[in-house]
Amino acid sequence: MEQLELSYFAQAGSIFNSYYEIPFYHLIIEIALVILIIKILMSKSTGSPGEESPLTEKEMDKLIAEWQPEPLVPAGSADADVDVPVVQGKVGKFVMIDGKECLNMATMNFLGMIGNTDIE
């Protein structure tokens, strides 16, 4: 038992003696980091971003007076003549749009039921 106690104190002594073997700047950096951690742990938290103080009536009135709504649609778009393509004929793998035959990529025909006369 006595030998165990001596080996423990010998280890503890070697830990404390190891500070004499490391470079001095290493010790300074460790002390600075420990002080920083203690400061962070002891400092008062500022709160979360959702905990702002409520606006006064004067501040709300000022913000409302300064607010300018943005248009949802750009100006002049209502006057523009939009050419809407028209699908003609029966819907299938190919459709006729304004007289041109086009591949139909707009329907969900993953089961292949469009154009099946048994289902229609």
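Helices (at least four residues) and strands (at least two) are DSSP runs, numbered from the N terminus. The exercises below concern a predicted model.

**Exercise 1.** Determine how many helices and strands the protein chain contains, and in which pattern they follow one another.

*Solution.* Step 1: the count gives 3 helices and 3 strands in the protein chain.

**Exercise 2.** Identify the elements in which confidence is lowest and highest.

*Solution.* Step 1: for the protein chain, the average pLDDT is 79, and 74% of the residues score at least 70. Step 2: confidence is lowest in helix α1 (residues 2-21), with a mean of 60. Step 3: confidence is highest in helix α3 (residues 57-66), at 94.

**Exercise 3.** Decide whether asparagine 104 is buried or exposed, and describe its surroundings.

*Solution.* Step 1: asparagine 104 lies in the segment after β3 (100-103). Step 2: the relative accessible area of asparagine 104 is 16%. Buried means under 20%, so asparagine 104 is classed as buried. Step 3: of the 120 residues in the protein chain, 2% are buried. Step 4: leaving aside residues up to four places away in sequence, asparagine 104 touches Val91, Gly92, Lys93, Phe94 and Val95.

**Exercise 4.** State which polar partners the side chain of asparagine 104 has, including the distances.

*Solution.* Step 1: the side chain of asparagine 104 reaches a backbone atom, the nitrogen of alanine 106, at 3.1 Å. Step 2: the side chain of asparagine 104 also makes a polar contact with the side chain of threonine 107, at 3.4 Å.

Technical notes: Residues are numbered from 1 along each chain as its sequence is written. This is a predicted model: local features need pLDDT of at least 70, side-chain atom pairs count only at pLDDT 80 or more; totals for chains, interfaces and linings use all residues. Side-chain values use heavy atoms; hydrogens and water are left out. Buried means under 20% relative accessible area, exposed over 50%, partly exposed in between (1.4 Å probe, protein chains only). pLDDT is the predictor's confidence in each residue, from 0 to 100. A polar contact is a pair of N or O atoms within 3.5 Å; within protein, one must be able to donate a hydrogen and the other to accept it, and residues adjacent in sequence count only if both atoms are side-chain atoms. Contact means heavy atoms within 4.5 Å.
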